[in-house]
Amino acid sequence: MNRKLLGLKRGTVQLEKHNPMWERNAKRIIDKLSVILGNTAKDIQHVGSTAIPNIYAKPIIDIVVGLENVDEILKYKSELENEEIIYIGSDQPEQLLFVMGNFEQNTRTHHIHIVKYKGVQWNNYIAFRDYLNMNPKVAKEYEDLKIELAEKYLSDRAAYSDGKKALIMQILEEANNYLHQGQTLYVSDLDGTLLNSLQKTSEYTNRVINRLVEKGMLFSYATARSYQTAKKVTAGLTAGIPLIVYNGTMIVNNRDGTFLSKNFFGNEAKDILEDLIKYDIYPIVYSFIDGVEKYSFMEEKCSEGMKEFLITRKNDVRENSVHRIEDLFAGEIFYFTCIDEAAKLFPLYEKYRRNYTCVYQEEIYTKRQWLEIMPKAATKANATRQIKKMFGCDRVVVFGDGKNDISMFEMADESYAVDNAVQELKEIATGVIESNNDDGVAKWLERFTNYI
């Protein structure tokens, strides 16, 4: 393999034996960036495979720059370009990319990643590098895979990168398990807990949680909402780790909305749907149809409560209005929502709750009766356990207000019900805190966590 110092043609793959000059070159560029950016850059570090001695790497230096606000880098675009550090754009969500190289020959020598300081991407870059440097056996496993893929995809950088993804995710999980030993995972419900009566997080709640997350707190939320609607009502809130949606049916990557975990019904979905229809209940059916997330409904068969709910979701890209009963059965089904009279729904709750995860309660905003039916394994508790394991946390502290939070309260080390919570939840809680309209969760976190 060629032992040249730096540079690789775009789209190609070539690995070089580790070169001590890479570290010196990276330091030179870091010093140059530090002079230009000053205090705007909270930290700048050499990352990627060239920062891991004793393994082969592409001869391209990766540098990560941590800023409080990623877009601030654009104020320095002209100064950076004067130093031949060229702005390319956004190569990943919430990340900007600058590059160096010989553009006439279409080669790159440096990738400079601009990310939020101590955000998920910053932490992942640092954790991956540090963990491999501490674990030569894991580093060798990663190197072996890279060499195998490089020989197979010499002229296909995208395929080479795709081939590494599974192992990279595994290594990051191991790294986080190691680095977060002894930490506490904090998980809050949304509606009625973190959200106020206007169905949004307050400026105070956003400010407090964002500050604590930046200091290292691991915070997520667990909600009956979808990822799309949850992100809307939590605009301004930073929750860097995966989120629990659909009452634990899904765990979703908070950076790009990709699903990390899914629970589907099997053939029993058909039986449940046929049974509901027999009782004159035509539910909203959540499913993946041809791999695309949808919620299907028959508008002419909807109850008044369902019509009210659907109005609040108008123009949602997942909306799928159908006119034939058989179309409700389409795709991989993972969730049923029924909004109707108590006399119709409660008997069905009693019928299904032993074999499936069921939530029957009065909806806090409309006061309508809801019955939600999910696969047995789909609970907020199970999803919280998965995230706890994913990040290697020792303890879990949770917050909630409704019956769908009970399983999460039962598995947690500490649990706090907001003052407006249902009595059943207050009875099993570690304590009762201020209400959702009084920013109870944020105030508790500010008072009782050790992030300063």
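Helices (H or I, at least four residues) and strands (E, at least two) are DSSP runs, numbered from the N terminus. The model is predicted: local features need pLDDT of at least 70, side-chain atom pairs count only at pLDDT 80 or more, and totals for chains, interfaces and linings use all residues. Residues are numbered from 1 along each chain as its sequence is written, and side-chain values use heavy atoms, with hydrogens and water left out.

**View A. Aspartate 439 in the loop between strand E21 (431-433) and H15.** Aspartate 439 has a positive phi of about 55 degrees, although it is not a glycine. With a relative accessibility of 15%, aspartate 439 counts as buried (buried means under 20% relative accessible area, exposed over 50%, and partly exposed in between; 1.4 Å probe, protein chains only).

**View B. Packing of helix H7 (residues 203-214) and helix H15 (residues 440-448).** The two helices pack at an angle of about 35 degrees, with their axes 9 Å apart; axes are lines fitted to C-alpha atoms, for helices over the stretch in contact, and angles run from 0 to 180 degrees between N-to-C directions. Tyr204, Thr205, Val208, Ile209, Arg211 and Leu212 of H7 and Ala442, Lys443, Leu445 and Glu446 of H15 make the contact (heavy atoms within 4.5 Å).

**View C. Asparagine 315 in the loop between helix H10 (304-312) and strand E15 (319-321).** Asparagine 315 is not a glycine, yet has a positive phi of about 70 degrees. Its relative accessibility of 71% is why asparagine 315 counts as exposed.

**View D. The aromatic pair of tyrosine 352 and tyrosine 356.** The structure holds 26 aromatic pairs; rings of Phe, Tyr and Trp (its six-membered ring) pair if their centres lie within 6.5 Å, and planes under 30 degrees apart count as stacked, over 60 as edge-to-face and the rest as tilted. The pair shown is edge-to-face, at 6.2 Å centre to centre and 65 degrees between the planes. Both tyrosine 352 and tyrosine 356 are buried.

**View F. Glutamine 386 in helix H12 (residues 380-391).** Glutamine 386 is partly exposed, with a relative accessible area of 35%. Glutamine 386 and serine 261 are 125 residues apart in sequence and 9.1 Å apart in space, C-alpha to C-alpha.
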